[in-house]
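Notebook open, structure loaded. I wanted to look up the nonpolar parts and the charged pairs.

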Amino acid sequence: MSQTRTIATARLVGGHPALDFVNTVDAWRDRWGPDLLVAYGDLVTWAERVDLIDSALSARLRHQADTKSAEADAALTRARALRTTLRNLFLAETMDEAGCKEDGVRLNAMLQHANHQRELRLVAGSFEWGWRESDSLDAILHRIAFAAADLLTSRSDRRNVRECHGINCGWLFLDTSRGGRRQWCSEEACGTHMRVRRFREKGGSDT
């Protein structure tokens, strides 16, 4: 994968915001990094790209980050820690394992904190969950945590999470392929690279 990728140009191939959040590290396998969440503003950019927040909240969070840089840095550190926790939990699913209890405890702690920001709303005659208006620098983390919990608890009703085994990858994705045998985060990227590599290892030539 290209080391020049940024959070604004990174492909969104996970099939779910929680998985795309885990994929904000350019590579997890063979090598690690680079981290695409360089600054708090990158977290805001990503959250707006995947529709976790709207433009109004995006503007407020950027203002908060500009005026409270230390708090923004701390929130970014928490986001990175949550990202690792989620990768561990979803990676366990790819291996048909239960997952680490400590990771579950960490996610649950974030959910408990985030729950105070949620509220039930009546919209067009139907009830739905919404978020209280808040400028908390953890607002994005709250949304990620609940999105991840929804995905984790819906395992019996959706396709499995897979890990891409491409060179310098390790991204996670929902396998929605017809046969449930998808191997790569992207056929155009990792799929092509791996086929070329195998061809060359067998003594072939691409010329």
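Surface first: I found a nonpolar patch of about 510 Å², made by L120, L122, F127 and W129. This is a predicted model. L120 sits in strand β1.

Next, the inside. I looked up the largest nonpolar core and got 55 residues, of which F21, Y40, L43, W46, L86, F90 and I140 touch the most other members. Several elements give two or more residues to this core, including α1 (17-22), α2 (40-49), α6 (139-152) and β4 (172-174). The top contributor is α4, with 9 residues. I then picked out Y40: leaving aside residues up to four places away in sequence, Y40 touches L61, A65, A72, A75, L76, L137 and I140.

Then charges. My search of the whole structure turned up 14 salt bridges. I noted R80 with D35, closest N and O atoms 3.2 Å apart. That pair joins helix α4 to the loop between α1 and α2, 45 residues apart. D35 counts as buried because its relative accessibility, 17%, is under 20%, while R80 is partly exposed at 28%.

R60 pairs with D135 at 2.5 Å between the closest N and O atoms. Here helix α3 is linked to the loop between β2 and α6, 75 residues apart. R60 is partly exposed at 26%, and D135 is partly exposed at 32%.

I also logged R106 with D103, 2.7 Å from N to O. Both lie in helix α5, about one turn apart. D103 is buried at 3%, whereas R106 is partly exposed at 45%.

Last entry: R5, D26 and R31 are linked in a network of salt bridges.

Conventions:
Residues are numbered from 1 along each chain as its sequence is written. This is a predicted model: local features need pLDDT of at least 70, side-chain atom pairs count only at pLDDT 80 or more; totals for chains, interfaces and linings use all residues. Side-chain values use heavy atoms; hydrogens and water are left out. Patches are made of residues with over 30% relative accessible area and no salt bridge: like charges are joined within 9 Å, nonpolar side chains (Val, Leu, Ile, Met, Phe, Trp, Tyr) within 5 Å. Accessible areas come from the Shrake-Rupley method with a 1.4 Å probe; for residues, only the protein chains shown count as cover. A salt bridge is a side-chain nitrogen of Lys or Arg within 4 Å of a carboxyl oxygen of Asp or Glu. Helices (H or I, at least four residues) and strands (E, at least two) are DSSP runs, numbered from the N terminus. A nonpolar core is a set of buried Ala, Val, Leu, Ile, Met, Phe, Trp, Tyr and Cys residues joined through side-chain atoms within 4.5 Å. Buried means under 20% relative accessible area, exposed over 50%, partly exposed in between (1.4 Å probe, protein chains only). Contact means heavy atoms within 4.5 Å.
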